[in-house]
Amino acid sequence: MTAEIIVVTSGKGGVGKTTTSASFATGLAMSGKKVAVIDFDVGLRNLDLIMGCERRVVYDFVNVVHGEATLKQALIKDKRYENLYVLAASQTRDKDALTQEGVEKVLQGLSEDGFDYVVCDSPAGIEKGAHLAMYFADRAVVVVNPEVSSVRDSDRILGLLASKTRRAERGDGAIVQHLLLTRYNPARVAAGEMLSVSDVEEILGIKVVGVIPESENVLAASNAGVPVILDADSQVGQAYSDTVARVLGEERPLRFLDAPKKGFFQRVFGG
Amino acid sequence: MGILDFLKRKPEPSAGIAKERLRIIVAQERSTRGAPDYLPLLRSELLEVIKKYVHVDLDAISINVERDSGHEVLELSVALPDGKSGS
């Protein structure tokens, strides 16, 4: 049994890759799978903060790649789920510290340790770190915002996923691509100020696997170091749970796509 | 819509503009994806040669690389202006 490698990527920065990686990995762990989530953003470590384990980082991904620590030493066990582990990025090395052979060795090691899923949190851009995060993937979650530069970049990333991955090079069958639309604001879509789900699907020629509404809960969760999927009362948490279930093969309808109804005062006085 | 809304100027909905711009740029970028790096240079040099004979501008030339099973086809098309061809 080999681990399934899932890359969370986007091209553009600040669209919600790390938020998605943290929630995605946690969601997979909640379904009982053994999951590791790796921060590929060498030099700009952030996943540890979002997962709430920043003070427990001793060894990192680069240490393992260079044989300075074992996988066992570097994997940080999540406080909430014992089958969930975090592998932090190095904060001191530069991006050249990762090599293709080194990354392959780490992924191989995780597979041998019985992990079901490895979630790779890609850095922004299309440079080496982003390339290595996607290279070994079996599946990709492309995070996109309903905004012109993000949509354009994600089209570029979809192209790279189809050509610059090991699966593409070996002809092992295409990598499974999922499009995840985040920071969606139904009220602005209704007002014609924001691209809609169907606009983005039409431009990119791929259906969304989930739509995450824009919400203050995301900032609150990152402030607290708790993946937002665990905020089960929030729309964002529920939207992430739905998304993970869909990726695991369940059929669930999209939710939270309509603007909330305006109250009496808002209708009379606008706003 | 509130009764006071007429006091505010409504901005033009911009999502439609975004969609149209993206549709064009994404299609253009897809058509050149994976094509050799020399294509833009080839295009401008061809334009120089063609200009010696007919006056055309850059937009009149399109170059595409098509991939068929196992081989690549370099497709070049030049739109000549009316009545000036064959001179």
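Modeller: A:T26 sits in helix α1 (residues 17-30) of chain A; helices are DSSP runs of H or I with at least four residues, strands are E runs of at least two, and both are numbered from the N terminus. Mind that this is a predicted model, where local features need pLDDT of at least 70, side-chain atom pairs need 80 or more, and totals for chains, interfaces and linings use all residues. Residues count from 1 along each chain as written, chains are lettered from A and ligands numbered from 1 in written order, and side-chain values use heavy atoms without hydrogens or water.

Colleague: Is A:T26 buried or exposed?

Modeller: Buried means under 20% relative accessible area, exposed over 50%, partly exposed in between, using a 1.4 Å probe and protein chains only. A:T26 has a relative accessible area of 1%, so A:T26 is buried.

Colleague: Which backbone oxygen does the side chain of A:T26 reach?

Modeller: Leaving out residues up to four places away in sequence, A:T26 touches A:M51, A:Y81, A:L84, A:P227, A:I229 and A:L230, a contact being heavy atoms within 4.5 Å. The oxygen that its side chain reaches, at 2.7 Å, belongs to A:A22.

Colleague: How many residues of helix α6 in chain A are buried?

Modeller: The buried ones include A:L132 and A:Y135, and they pack against β1, α5, β5, α7 and α8 of chain A. Helix α6 (residues 128-135) is mostly covered, the buried count being 6 of 8.

Colleague: And what pattern does chain B follow?

Modeller: Chain B has 2 helices and 2 strands. Of its 87 residues, 20% are buried. Along the sequence, the pattern is α-α-β-β.

Terms used
Polar contact = N/O pair within 3.5 Å; in protein donor to acceptor, adjacent residues only side chain to side chain.
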